[in-house]
Amino acid sequence: MAEPEKPQEAVRKKKSRLPFLAGILLAAILGSGSFFAVFAGYILGPAAEEHATSPEADTLAGIQFLPIDSIVISLGAAGKNQHLRMTSQVEVDKAHAADVKQLMPRILDVLNAYLRAVEVAQLQDPAALIRLRSQMLRRIQVVTGEGRVRDLLITEFVLN
């Protein structure tokens, strides 16, 4: 008797997945190892001496914050009885702190004059605080002189 013929597809052997899985495993091990080496600073990392002193730490040691007295300004017509209350601080270099403190009445004057000139609609705009802050900082820098005041920090800005 003759043997029945097997289809050619059944004769073909299945290929082993072992090389494929070994390649995936090897890639994952090498990838995670190289990530760790870069992240830990073993490869392409800065030298240890660079971490010891950072320029930001030196910059922070040389600043001082001077409080500005709270400003209360009446807004609009007398019948509306709206007020703006603002509390802020200026960031200065410690070398210029005494000079800026001596000029604090002028700073208050220039802030009062500016805030009285601003319309109530501008104050009610949520994005207005950024514009107002930059305008007030510029005016403070003009009064105190260039390079003495670094920034203006508004800690309270209430419109009621």
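**View 1. Helices α6 and α8 make a right-handed crossing in this predicted model.** Handedness here goes by the near helix: turned clockwise from the far one by less than a right angle is right-handed, anticlockwise is left-handed. The axes of α6 (residues 104–117) and α8 (residues 128–144) come within 10 Å and cross at roughly 145°. Those axes are lines fitted to C-alpha atoms over the stretch in contact, with angles running from 0 to 180 degrees between N-to-C directions. Helices (H or I, at least four residues) and strands (E, at least two) are DSSP runs, numbered from the N terminus. On the α6 side you'll find R106, I107, V110, L111, Y114 and L115, which meet L132, Q135, M136, R139, I140, V143 and T144 of α8; contact means heavy atoms within 4.5 Å. Sorted by class, this contact has 9 nonpolar, 2 polar and 2 charged residues. Nonpolar covers Ala, Val, Leu, Ile, Met, Phe, Trp, Tyr, Cys and Pro, charged covers Asp, Glu, Lys and Arg, and the others, Gly among them, are polar.

**View 2. The largest nonpolar core holds 27 residues.** Such a core is a set of buried Ala, Val, Leu, Ile, Met, Phe, Trp, Tyr and Cys residues joined through side-chain atoms within 4.5 Å. I68, V90, L111, M136 and I140 touch the most other members. Two or more residues each come from β1 (63–75), β2 (82–93), α5, α6, α8 and β3 (149–159), and α6 gives the largest share, 7 residues. Zoom in on L111: leaving aside neighbours within four places in sequence, L111 is in contact with I68, I71, M86, M136 and I140.

**View 3. L129 sits in helix α8.** L129 is partly exposed because its relative accessible area is 33% (buried is under 20%, exposed over 50%, partly exposed in between, with a 1.4 Å probe and protein chains only). Not counting residues up to four places away in sequence, L129 touches I154 and F157.

**View 4. Q124 belongs to helix α7 (residues 120–124).** Beyond its neighbours within four places in sequence, Q124 is in contact with Q82 and L159. Q124 and L159 are 35 residues apart along the chain, and their C-alpha atoms are separated by 7.8 Å.

**Notes for every view.** Residues are numbered from 1 along each chain as its sequence is written. In this predicted model, local features need pLDDT of at least 70, side-chain atom pairs count only at pLDDT 80 or more, and totals for chains, interfaces and linings use all residues, while side-chain values use heavy atoms, without hydrogens or water.
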